[in-house]
Amino acid sequence: MLVEEIMNTEVTSLPPTATIASALKLLHEKKIRHIPIINEEKNVIGIVSDRDVRDATPSIFEENREHTELQNEIHTIMSQPVVTVHPLDLVEEIAGIFYEEEFACLPVVSNNELVGVITEKDMLHTLIEITGTNVQSSHIEVKVPHKPGILPEVAAIFGARKTNITSVLVYPYKNDANYKILVFRIQTMNPLPVIKDLQNAGYELMWPNDDAGPKR
């Protein structure tokens with residue numbers, strides 16, 4: 001999956017000369033948490049978060065001060081340089097950047113111009129779609145040898161039952177490189193027949209098992 005498939009293209013941005021007050025207003029009106037700062041050529045030169053603006057906003061308890069801080073230009077509090085991504089980057093690789101750098105938002109740039117943003121919320125929504133948990137389905141986990149061709153072998157068992165597979169994920173099995181866990185979500189409210197077929201074929205089920213019923 002590519003970044004351009006999940007990024008937000010309606011981006012709220014500001015020039016570096018905008019005031020902190022204008023940024024505060026936009027954050028509230030648009031219900032957003034980050035604002036990219038761009039120059040006249042639409043190059044991303046900084047980014048401001050709601051936390052940056054909040055830290056620069058005078059306290060309501062300071063009654064005797066002239067609150068001029070909000071009239072300061074936004075470039076005085078923006079973060080720079082900015083890590084950006086491209087629309088044709090893979091979402092899976094961008095997830096690594098979010099995790100390792102602990103970012104909450106990444107501007108998307110093409111030809112040096114801002115074309116969108118992608119947020120941690122976008123990433124979480126994509127994960128939900130990839131795992132298939134957003135549709136009614138049954139969950140099955142199968143322990144298999146880590147060898148070529150094992151996935152189509154197991155999938156053929158679902159096919160024999162004409163059971164639609166909505167998602168497939170592959171996980172490592174503990175610290176044993178000889179095995180993998182195949183996680184299927186299938187569109188059936190009664191997975192018992194295909195579970196029995198898997199067991200009859202000699203596969204070990206991690207879920208459901210003897211201690212729990214089918215996960216929905």
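Predicted model: local features only at pLDDT ≥ 70, side-chain atom pairs only at ≥ 80, totals over all residues.

Q: Okay, how many salt bridges does a search of the whole structure find?
A: The search finds 5. A salt bridge here is a side-chain nitrogen of Lys or Arg within 4 Å of a carboxyl oxygen of Asp or Glu.

Q: Which side chain meets D50 in a salt bridge?
A: That's R33, at 3.8 Å from N to O. D50 lies in helix α2 (residues 50-56) and R33 in the loop between α1 (20-30) and β1 (34-38), so the pair ties together parts 17 residues apart in sequence. Helices (H or I, at least four residues) and strands (E, at least two) are DSSP runs, numbered from the N terminus.

Q: And what links R33, D50 and E120?
A: A network of salt bridges. R33 also meets E120, at 3.2 Å from N to O. This pair links distant parts of the chain, as E120 is in helix α4 (residues 120-131), 87 residues from R33. R33 has a relative accessible area of 45% and E120 has 37%, so R33 and E120 both count as partly exposed.

Q: Switching topic: how do α5 and α6 cross?
A: The axes of α5 (residues 150-160) and α6 (residues 192-200) come within 9 Å and cross at roughly 140°. That makes α5 oblique to α6. Angles under 35 degrees count as roughly parallel, over 145 as roughly antiparallel, 65 to 115 as roughly perpendicular and the rest as oblique.

Q: Which residues meet there?
A: V154, I157 and F158 in α5 meet V194, D197 and L198 in α6, where contact means heavy atoms within 4.5 Å.

Q: What does D197 form with R161?
A: A salt bridge, with the closest N and O atoms 2.6 Å apart. D197 lies in α6 and R161 in the loop between α5 and β6 (165-173), so the pair ties together parts 36 residues apart in sequence.

Conventions:
Residues numbered from 1 in each chain as written. Heavy atoms only, no water. Axes fitted to C-alpha atoms, helices over the stretch in contact; angles between N-to-C directions. Buried < 20%, exposed > 50% of the residue type's maximum accessible area, 1.4 Å probe, protein only.
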